[in-house]
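Please look at the sequence and the structure before reading on.

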Amino acid sequence: FADLNLSFSGAALSLPIGESGLRVILTQLLNNAREQGAQSVVIAAQGAPSGLELSVSDDGKGISPGNAAQVFDPFFTTKRDQGGTGMGLTILRNMLSVHGGDISLQPSHSGACFVITFAVP
């Protein structure tokens with residue numbers, strides 16, 4: 001992702017997902033950011049009262065309020081004419097579920113902000 005200005009912040013946390021799974025998740029989110037015109041992405045890790053959080057925020061065009069409620073729905077895409085299947089975020093949510101995690105879209109003043117959470121037993 002040499003075309004994106006990536007920055008990292010937060011604690012060094014041990015996430016309950018393997019490196020290859022995390023790579024798939026971050027690759028999908030970074031590709032989505034790039035496709036929406038992002039130039040910068042911040043990946044931040046932190047502990048939370050309910051577990052661990054990893055946020056991925058970009059400065060791209062963001063997601064319209066009308067589309068925000070549907071981004072995790074299977075086959076929902078705004079890129080069908082460009083070959084989009086609408087399965088990327090659905091697959092991520094399912095992958096995370098297997099590892100006791102979830103992903104959500106959070107309100108953002110610019111770009112998109114996805115937060116991945118892992119419950120800590």
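The points below cover the fold of the chain and its pockets.

This is a predicted model, in which local features need pLDDT of at least 70, side-chain atom pairs count only at pLDDT 80 or more, and totals for chains, interfaces and linings use all residues. Residues are numbered from 1 along each chain as its sequence is written, and side-chain values use heavy atoms, with hydrogens and water left out.

**Fold and overall form**

- The protein chain contains three helices and five strands, where helices (H or I, at least four residues) and strands (E, at least two) are DSSP runs numbered from the N terminus.
- Along the sequence, these elements follow the pattern β-α-β-β-α-α-β-β.
- The radius of gyration of the protein chain is 14 Å, close to the 14 Å that the globule rule gives for 121 residues, so the chain is as compact as a globular protein of that length. The radius is taken over C-alpha atoms, and the rule is 2.2 Å times the number of residues to the power 0.38.
- A box of roughly 40 × 30 × 25 Å, taken along the principal axes, is filled by the C-alpha atoms of the protein chain.

**Burial and contacts**

- Of the 121 residues of the protein chain, 35% count as buried, that is, under 20% relative accessible area with a 1.4 Å probe, protein chains only.
- Among contacts (heavy atoms within 4.5 Å) between residues at least 6 apart in sequence, 58% join residues at least 24 apart.

**The largest pocket**

- A pocket is an open set of points on a 1 Å grid over the protein atoms alone, where a 1.4 Å probe fits, with protein on both sides within 12 Å along at least five of seven lines; lining residues have an atom within 4 Å of a point.
- The largest pocket holds about 570 Å³ of space, a volume being the space filled by probe spheres set on the points.
- Its lining has 28 residues, of which Asn-32, Glu-35, Thr-78, Lys-79 and Leu-89 lie nearest the centre.
- α1 (19-35), β3 (51-58) and α3 (88-98) each supply at least two lining residues, and α1 gives the most, with five.

**The second largest pocket**

- About 150 Å³ of space lies in the second largest pocket.
- Residues lining this pocket include Gly-62, Pro-65, Leu-105 and Ala-112.
- Both α2 (65-68) and β4 (101-106) supply at least two residues of this lining.

Note on methods:
Buried < 20%, exposed > 50% of the residue type's maximum accessible area, 1.4 Å probe, protein only.
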